[in-house]
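Let me put the chain up on the screen, and then I'll walk you through it.

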Amino acid sequence: MSGIVFSNITKRFGQTVAVESLNLEIAEGEFVALVGPSGCGKTTSLRMLAGLEDVSEGQIFVDGRDVTNLGPSERDLAMVFQNYALYPHMTVAGNIGFSLQLSGLGRDALNDRVKNAADLLGIGHLLDRRPKQLSGGQRQRVAVARCIVRQPAAFLFDEPLSNLDAKLRGTARVEIAKLQKNLGITTLYVTHDQVEAMTMADRVVLMEGGRIRQAGTPMDLYHHPKDLFVATFLGMPPMNLLKAEVANVSGAPVLRWGAMNLELPGVATGAVTLGLRPERLVAGHVDGVALAFSGHVSHVERLGAETLVEFRLESGSASALTARLPGTRTIQIGEHISVSAPLDALHVFDETGAAVAT
Ligand code: ATP
């Protein structure tokens, strides 16, 4: 098969199992983001694919070729490192064209390819500069140009935007995503930033403790998290969580929270955690809407386009909720607020943290 396959890959560093039985297929042309908290094994997975780390068990295939025991230069992969790893003594042109030079490509063809790659990244006017004469954003583009000039089987990115300021990160992620789509090159992108993973990738693979927690389209993971870990890792501000109880009422499971009683057919009785994303809460009580909450505002964060409103719930509960409301609404700390949400906004997790079908 074309693309990349991790087949039952395990990596141990002494007693530490960094990656455990990783099975992942990346289709040709697909953009997959590996995301997860620090130490989850994402960088180690990428480095094993690049050939920079041996595997303890399993096999890795690139376009159907078993590359498990091949050196990095034999894998036909191009990697953008977090620190870009540019050669300081070479010009931008020298950096971009270095791998082509090694491959013995003629001078004119090489210059053409370097110029095309540089133009594509908007750095065609910087070819004679050295890395220290460039801004961070320009260096990052040189690193990407150096990858695309080789026309490799796949791109590997290791946190390529983490050294840029927030604004530049925003534009760079759009540029890289567009470039990848235009070139159609298979891509594995490692990041701890959920926004990068969600906005850039066709598919997000969320890892924790060396294992895949959930893999799917960004919308799949966001709207249908399979457990509390996935639900709270994605989304900013994070999903609101409330403790509740599903009780047996005349033989039917009924979710009880405050004055609410909702029948949840097929759900086991016991303690549950309710999840509601802040943007699903709307101000005021809406007729026919199943979920209603009210309380006093304890904190307000004005972001311009929207306002994040935290309020302490009434009915003796110590819980607070955050609502993401339109920025046009003025709201003060201490104010009384009512919000509601449709039933399909409600996530229910059982005692083990697994999502319960509702
Ligand atoms: P981060 O976002 O912090 O880079 P990560 O998800 O990329 O984290 P890895 O760097 O892959 O995680 O590390 C996974 C686990 O393997 C961690 O427990 C880490 O301490 C361990 N580890 C990684 N590299 C080595 C190494 N060279 N020697 C020993 N342990 C290592």
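So, what we have here has 8 helices and 21 strands in the chain. Keep in mind that this is a predicted model. The C-alpha trace spans about 80 × 45 × 35 Å along its principal axes. Of the 358 residues, 34% are buried. And if you take the contacts with a separation of 6 or more, 63% of them are between residues 24 or more positions apart.

Now, let's go to the open sheet. Six strands make it up, and reading across you get β6-β7-β8-β3-β9-β10, with mixed pairing. From one strand to the next, the twist averages 20°.

I'd like to zoom in on β8, residues 186-191. How many of its residues are buried? The count is 6 of 6, so to speak a mostly covered strand. Both faces are covered, too: on one side you have Thr186, Leu188 and Val190, on the other Thr187, Tyr189 and Thr191, and they are all buried.

Who are the partners of β8? One is β3, residues 31-35, running parallel to β8 and joined to it by 5 bridges. Look at Ala33 there, which stands opposite Tyr189. Another is β7, residues 154-158, which also pairs with β8 in the parallel sense, over 5 bridges. In that pairing, Leu156 has Leu188 as its bridge partner. To get from β7 to β8 the chain goes through helix α5, residues 166-183, and this β-α-β crossover is right-handed.

Where does the antiparallel part come in? That's β9, residues 203-208, with β10: they pair in the antiparallel sense over 5 bridges. Val205 has its bridge partner, Ala215, in β10.

Last stop, the ligand. Around it you'll find Phe13, Thr16, Ala18, Gly36, Ser38, Gly39, Cys40, Gly41, Lys42, Thr43, Thr44 and His192. By class, that shell has 3 nonpolar, 8 polar and 1 charged residues. Which elements supply at least two residues of it each? Those are β2 (16-26) and α1 (42-50), and the largest share, 3 residues, comes from α1.

That's my tour, so over to you for questions.

Note on methods. Residues numbered from 1 in each chain as written. Predicted model: local features only at pLDDT ≥ 70, side-chain atom pairs only at ≥ 80, totals over all residues. Near = placed C-beta within 6 Å. Helix = DSSP H or I, 4+ residues; strand = E, 2+ residues; numbered from the N terminus. Nonpolar A, V, L, I, M, F, W, Y, C, P; charged D, E, K, R; others polar. Buried ≥ 20, exposed ≤ 12 C-beta atoms within 10 Å, placed from the backbone. Pairing = 2+ DSSP bridges. Right-handed = clockwise from strand over helix to strand, strands pointing away. Contact = placed C-beta atoms within 7 Å. Axes fitted to C-alpha atoms, helices over the stretch in contact; angles between N-to-C directions.
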